[in-house]
Amino acid sequence: MKLIGMLDSPYVRRVAITLETLKIPFEHEAVSVFRDFDQFHSINPVVKAPTLVCDDGEVIMDSSLILQFAELINHRSLWPQDAIELQREFRAVSLALAAADKCVAIYYERNLRPLEAQYEPWIERVTKQALAAFHGLEGEINKYPAEFKLLCHASITAAVIWRFAHTELPDLVLAEHFPALVDLSVRMESRPEFLKFPPVGPGVPRA
């Protein structure tokens, strides 16, 4: 399997770290949807990161679907077997991914649109959604701290999304409001799985 995409994307980084945690073999190819558009298009005409190139050459998109596929074919999983624990972890991951979607929307709005074309009511609305997701995630960590001390889908996804948001939108996502997420990020970013795949890349070209 080959994972295509830059690690400055939280979705690509989520997949890479999770596959590494599961010890599922894969090759990472750092191709940018912006700088390397034509190259990415030749791999996947949709030009969506992350893209997984399967062993037969077929491509799959979307971080959650890629991980589901990889876990199924390799008979390994980070999801808990207990239904209540699974429900809690699904909630945490869904909050983290919602925060990611909204933060990426803000990031693109700021970097891809000229300043005079940016629509402040939209940015304000999406910011409220992102902060609501982060506050929900902060609450989950405080309610179930033991579960977030493990390398699991919830802890990996939350830590990756937090790092992206706090790095790219520090004026909107204030560290002092989310001490549990800050602590989670510090712990996870020191782990070898995270250090192997740092959040580096060309970023989004500014308008």
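Reply: Helix 3 does, with five residues of the lining of the second largest pocket. Helices here are DSSP runs of H or I, at least four residues, numbered from the N terminus. Helix 3 and helix 4 each supply at least two lining residues. The model is predicted: local features need pLDDT of at least 70, side-chain atom pairs need 80 or more, and totals for linings use all residues. Residues are numbered from 1 along each chain, and side-chain values use heavy atoms, without hydrogens or water.

The volume of this pocket is about 180 Å³. A pocket is an open set of points on a 1 Å grid over the protein atoms alone, where a 1.4 Å probe fits, with protein on both sides within 12 Å along at least five of seven lines; lining residues have an atom within 4 Å of a point. Volume is the space filled by probe spheres set on the points, which are joined across faces, edges and corners.

The lining runs through R14, S64, L67, Q68, E71, L72, H75, S77, W79, V93, L97 and H153. Five of these residues are nonpolar, five polar and two charged. Nonpolar covers Ala, Val, Leu, Ile, Met, Phe, Trp, Tyr, Cys and Pro; charged covers Asp, Glu, Lys and Arg; the others, Gly among them, are polar.

Now the largest pocket. Its volume is about 540 Å³, and 28 residues line it. S9, Y11, V33, A49 and Y108 lie nearest its centre. Helix 4 gives the most to this lining, with five residues. By class, the lining holds 17 nonpolar, six polar and five charged residues.
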